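Hello,

Here is the structure I promised to pass on to you. Please open it beside this note, and my findings follow below.

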Amino acid sequence: MTAGPDERFPRALLANLRPPGWVNPEPAGSYALVVIGAGPAGLTAARDAAALGAKVALVERSLIGGDRLNIGCVPSKAIIRTARLYAEMRDAEDFGGQVPGRIAIGFSEVMERMRRVQARISRGSSVQRSSEAGIDVYFGAARFAGPDTITVAGQSLRFKKALIATGARPLEPPTPGLAETGCLTNETVFNLTECPRRLLVMGGGPVGCELAQAFRRFGAQTVIVQTDPTFLPKEERDAAQIISDALARDGVEIHLNTDVVAVRREGADKIVDLVSDGDRISVAVDEILAGIGRAPNVEGLDLDAAGIRWDTEAGILVDDFLRTSNRLVYAAGDVCLEHKFTHTAEASARIAVANALFLGRRRFSRLTIPWCTYTDPEIAHVGLYVGEAWDRGIPVRTFTILMHDVDRAVTDGEAEGFVKIHVRQGTDRILGATIVARHAGEMINGLSLAITAGIGLRALARVIHTYPTQAEAIKLAAEAYERTRLTPFWKALSKVWLAWS
Amino acid sequence: MPEPPVESDDALLDRFQRAAFGYFLDYGNPANGLVADTSRDGAPASIAVVGFALSCYPVGVERGWMRRADAAARTLATLRFFRAAPQSDEPEATGHKGFYYHFLDMATGRRVWRCELSPIDTTLLLAGVLTAAVYFDLDTPIETEIRGCADLLYGRVDWQWARGGGITLRQGWKPKSGFLHYGWEGYSEATLLYVLGLASSAFPLSVESFEAWTKTYQWENLYDIEFLYAGPLFIHHFSHAWIDFAGIRDRFMRGKNCDYFENSRRATLVQREYARRNPHGFRGYGKDCWGLTAGDGPGAGTLKIDGRTRRYFGYVARGVPYGPDDGTIDPCAAVASLPFAPDLALSALRHFCAQYPEMVRDSRLPSGFNPSLPGAGPAGWVCDGYFGLDQGIVVLMIENHRSGLIWQLMRRSPPIAAGLRRAGFGGGWLS
C-alpha cells in the first residue's frame, strides 16, 4: 500500500519545503540569475549567487530540496540504516551477542523514522532560509518565453543569466503490461505504508541493489533481475561480485543476465515473465520496483523558445563550462550530467555560477568526482578505472589491500571488501581507486582529496593514520607501494651502508 | 622395524599421473572417442575433457601405459566423430560454425542439457586435436588420416563469427537466444582461444580483438606480490598445459617485465599466501593446503559450522582473494601448479596424502574436499567421483614438469606459433 500525496509529507516538512499559503513575490526588474529547479544544484547556485550579492530568483514546481531530500538519498539512507540494524540483530551471534528472542519488523515505524529524518534535514533547505538569504522564491512551473525571459505562475521573470537545474526522474521500463499493472519507482517506494510480502526489483544498478537488500532485510521475499551478467556493470567486476555475494547472503533471489519481457496481473498477483538465454520463467509478486535509471526533466520548459538544445536522453546539452546553446543560460545537475549524484550536482552548480556571473572559465571535466553505492558493504569509486586508463594509453599498477588484513575491519566483523588504488606505472600518481567496505563512502574521501590535491601514494604512506581504523587500509596500500621501491639494488646498497656504518 | 622408504618425488608423481590418466580409459567411449565430464552415472561427454584426453594419449604412449596403435585408434575415432557430426543451427546438432556444444550425449554425440555452443571448450578440444596432429607423425594410413582430420577440424572454425558482431569474443551461443550477453572480461584461460583464433587461415581474429581483450587485464599488487590477477587457479593453468609461456612475452607482459609463466608462479604464491592467512577461518587451510579453482563443492546452501553461518556452493569457480570461498579445496589445482612452483606443489601433494588419506582413492585426486564440513574422515566433505578436467590437467602438468612433452609437441604446431606471433609474442623459443 502507498500513501496518498497529502499524507506523504508531514507538516513540518511541508512548512520548510513548500509552506502552505505561500504567495510568490512580485518580480522587480531583471534578475541577475534565475534558477529553475530547487534541488541540490538549484539551491546551491541560488545561495552562492545571493551570497555574492546577485539578485536571484529561485523557481520550484514542487518541493524545495529535490530528489536528494524528498525521494532520493535522504529517505533511502534513512531506511538503509534501519535495514542494517535488522541485519545486525539477525547476525548477533557472529559478534558474540544473543539474537533477540523475536525480531519483529515494524515497517510503519521504519517509514515514520524516515520522515522524521527528512523533516530534520529539510530545515537546512527551507524556504525561509532562502528568503532570508535574499532569494526570491517562486513556486510554479517555469517556462521559457524568450531567450531572456521565463514565466512562472502567470508572472514573467527577466534575467541576465539563467540556470536550469530541473533534475531527473525515474525511468519506467517500456515492458509490456507494466504500465497496466503499475510499479514502484524511487519516487513512490518511500510512500509505502506496508512492506510488500513479495517484491521484484528490475535493475541491478545502485538504486536496485540498495533497495533490494534493504527490503529483503525488512522481510520481503525479494527477487532482483538484471539484464547484464553482473550487478553495477560500470564498477570493477570484483566489487560487483562482492555485492552479488552479499545480496545472496541476505537471501535475495538473483537473476543476472535476465530480461523482464512481460508483466500481467492474475488476481492479486503481479506475474513477471523473465527470459535468460532463451529460457522463460514466471515469478509472482505483490510489488515491482523499477530501478533502471533516470531521465532528465526537460519537458514543459519550452526550451526551444530560448534557443536551448536538448534531447530526451542526455537532457540539456552543455559545453565543458556548463553553458547551453543560449549564451545566457547554463545548466547544472542531473538535467545535464551523466553522473547523477547530489554532490556532483552541487559542484556543477558552483562552476555554473562562477562561469555565468563572474566570467569564469572553470571546466566541469576538471572535477574529481567520487561516488558510492550504499549497499552493505558499500562500493565507492573515484577517478579512473583501469580500462579508462588503458584507453588513454596510461599503464596502470593496482595496489590492493583486503579488508581482512585491516585490524579494525576484523574487530568490527566487517572484513569483507578491499581497497584498490590505481597508480600510473613508474610513478606514485593516483589515477583512481575503488573501495568495497562497510564504510567505503567515508573512506573514499581521503583518496578524492589526494587526487584533487595531487598527493601521491608515497606521501600517503607518510601520513599517520589513527589506529585502529578501517581507513588504515589506504595507508597499508601506500606502504605496499613503498615496499616495491625497495629493489634488490637498494637492498644491496642498504646492506653496504649498514655494514660500513 | 625400519622406517619404510620414502617414496621419491618422481615415483609419487608417476603414481598420481598414471591414476589420473586412467580416467580417460575408464570413462571414454572407444566407439566415438567421447569422454565423460565426470565419473558419475549418466554423465554426458564434455568436449573440453575430450581435448584433454587427446592430449593425454601421447603421454600414455610415452610412459608405456598405452600402445601407440591403441592411442592412434582412439584418437582417430574421436576425430572421425567430430568430422562427421552434424554442424548446423539446429538445437540438437553437435556443433555450429566449426564450434561444438559444451556437453554431448556419450552415445549419440548430440547436444544435451540445452547447453551453449562453447568457444572456450571447443578451443580445449582443438588443443587436443592439434597435439595429436603433431604427435602422430608417421606415414601410416591411420596417422595420416589423424593429421588430415585435424586440419579440417581446426580450419573450419569460424572465429570471426564468434565475436557476435563485436570486437572481442563472446562466451557462447545458443540456437534460440543467440550469443550470450557476456564476453571475456579480465585475464582468463582465453589466451589459448585467442591464439588459435589469430592463427586461422580462413576466419582469423584480428590483432585488435586480442588487444581489446588484454585491455581488460588488471595488474595487481596483492600480499606484496605483483601479478596479472585472476582468482581461480585453473586460469593460470589451462593455456599453460599446451603452451610454454616461459621467456616469451606479448606487449602487456613486456610492459610489466614479466611473462605468463612467471605470472602463474606468482599466482601460486598468492593462493598459498591466502590459504596461510585463511581470512574466513576454514579448517585445513595452510601453507600446504591450498587450491581454489573451478571445481565441485558440497552443494548450494547455508550451514552454521563452528558458530558461523556460511554459504556453500556446488560446482563453481572459487577464487582468491575475492571468492567465492566456502572452504573447499581442489587438490588437483595445487598439483597442476607443479611446473611453476614444484616445491610448493609437491609439498601440498604430500600433505594431502598424509593428512587426508581417505580423500585419495587409488592415487586419484577428487575435484574437491572441505575439511570444515562433516565427513567420513579429516577431509570432511569429499567430492563424489572424479571430474575429467581435473584428471586431464593433472596428467598434462605433471608431464610438463617431468619432461615438457606437451610443450615440446606444441612448439611444433603451426597454429600455436603463428597465433602467438600474431598476438605480439616474441623472445624465448619463438625467436
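Which residue of S7(B) is the bridge partner of Phe399(A)? It is Asn221(B). Before going on, a word on the source: this is a predicted model, in which local features need pLDDT of at least 70 and side-chain atom pairs count only at pLDDT 80 or more, while totals for chains, interfaces and linings use all residues. Residues are numbered from 1 along each chain as its sequence is written, and chains are lettered from A and ligands numbered from 1 in the order in which they are written.

Strand S21 (residues 396-402) of chain A and strand S7 (residues 219-222) of chain B run parallel and are joined by two bridges. Strands here are DSSP runs of E with at least two residues, helices are runs of H or I with at least four, and both are numbered from the N terminus. Two strands pair if DSSP finds at least two bridges between them.

The open sheet has seven strands with mixed pairing, in the order S19(A)-S20(A)-S23(A)-S22(A)-S21(A)-S7(B)-S8(B). Strand S19 (371-373) of chain A and strand S8 (225-228) of chain B stand at the edges with a single partner strand each, so one side of each has no neighbour in the sheet.

**Where the chains touch**

In total, 25 residues of chain B are in contact with 29 residues of chain A (C-beta atoms, placed from the backbone, within 7 Å). On the chain B side, S7 and strand S11 (308-312) are the elements that give two or more residues. S7(B) gives the most, with four residues.

**Two helices in chain B**

Helix H6 (residues 190-198) and helix H15 (residues 414-422) of chain B pack at an angle of about 100°, with their axes 7 Å apart. Axes are lines fitted to C-alpha atoms, for helices over the stretch in contact, and angles run from 0 to 180 degrees between N-to-C directions. H6(B) and H15(B) are therefore roughly perpendicular to each other (65 to 115 degrees). Val195(B), Leu196(B) and Leu198(B) of H6(B) make the contact, with residues of H15(B) including Ile416(B) and Leu420(B).

**One residue in chain A**

Arg84(A) sits in helix H5 (residues 73-90) of chain A. Arg84(A) is partly exposed, because 16 other C-beta atoms lie within 10 Å (buried means 20 or more, exposed 12 or fewer, partly exposed in between, with C-beta atoms placed from the backbone). Arg84(A) and Phe218(A) are 134 residues apart in sequence, yet 9.6 Å apart in space, C-alpha to C-alpha.

Best wishes

Technical notes:
Parallel < 35°, antiparallel > 145°, perpendicular 65-115°, else oblique. Contact = placed C-beta atoms within 7 Å.
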